[in-house]
Amino acid sequence: MVLVTAVIKPHALDAVREALSYLGVAGMTISEVKGFGRQHGHTEIYRGAEYRVEYLPKIKVEVLSSAEMADDIVEVVAKAARTGKIGDGKIWVTALDSVTRIRTGETGPSAI
Ligand SMILES: Nc1ncnc2c1ncn2[C@@H]1O[C@H](COP(=O)(O)OP(=O)(O)OP(=O)(O)O)[C@@H](O)[C@H]1O
Ligand SMILES: [Mg+2]
């Protein structure tokens, strides 16, 4: 089991949700987050020095999945969220020790 985490541009969320639904994911969690990547958000020059880092608004999408589906999820999210401009985001995959479905008490892959 893995957790696929994607940080995307807010306007890409609808397309990402649609692509994930089409793929048949069981669920997803989204959060409004802020962050910066290699361009450090937006920097300004003050007395000759770059001095300020801003955190740009992004959406974090989290999907629990079987390890087998992870590559497909990464692929469709990347395709749906890509504009080709800076700040399109990042996707990472983390191995999971355990998942529990609270209502039924199921654990493991059948809990996803
Ligand atoms: N190394 C990182 N660690 C944690 N979060 C990151 C990292 N890089 C990017 N992020 C998150 O992803 C968001 C978008 O990153 P971004 O797409 O700007 O990455 P980038 O590496 O600068 O690529 P690009 O050059 O295309 O802009 C950031 O605002 C931040 O929330
Ligand atoms: Mg960037």
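Ala, Val, Leu, Ile, Met, Phe, Trp, Tyr, Cys and Pro count as nonpolar, Asp, Glu, Lys and Arg as charged, and the others, Gly among them, as polar.

This is a predicted model, in which local features need pLDDT of at least 70, side-chain atom pairs count only at pLDDT 80 or more, and totals for chains, interfaces and linings use all residues. Residues are numbered from 1 along each chain as written, chains are lettered from A and ligands numbered from 1 in the order written, and side-chain values use heavy atoms, without hydrogens and water.

Q: How does the lining of the largest pocket divide by class?
A: Under that scheme the lining has six nonpolar, seven polar and five charged residues. Strands E2 (29–35), E5 (56–65) and E6 (89–95) each supply at least two of the lining residues.

Q: Which residues make up the shell around ligand 1, by class?
A: The shell has three nonpolar, five polar and four charged residues. Among them are Val7, Phe36, Arg38, Lys58 and Asp88.

Q: What lines the second largest pocket?
A: The lining includes Leu3, Met28, Glu62 and Ile112. By class, eight residues are nonpolar, two polar and one charged.

Methods:
Near = heavy atom within 4 Å. Helix = DSSP H or I, 4+ residues; strand = E, 2+ residues; numbered from the N terminus. 1 Å grid on protein atoms, 1.4 Å probe; cavity = no way out; pocket = protein on both sides within 12 Å on 5 of 7 lines; lining within 4 Å.
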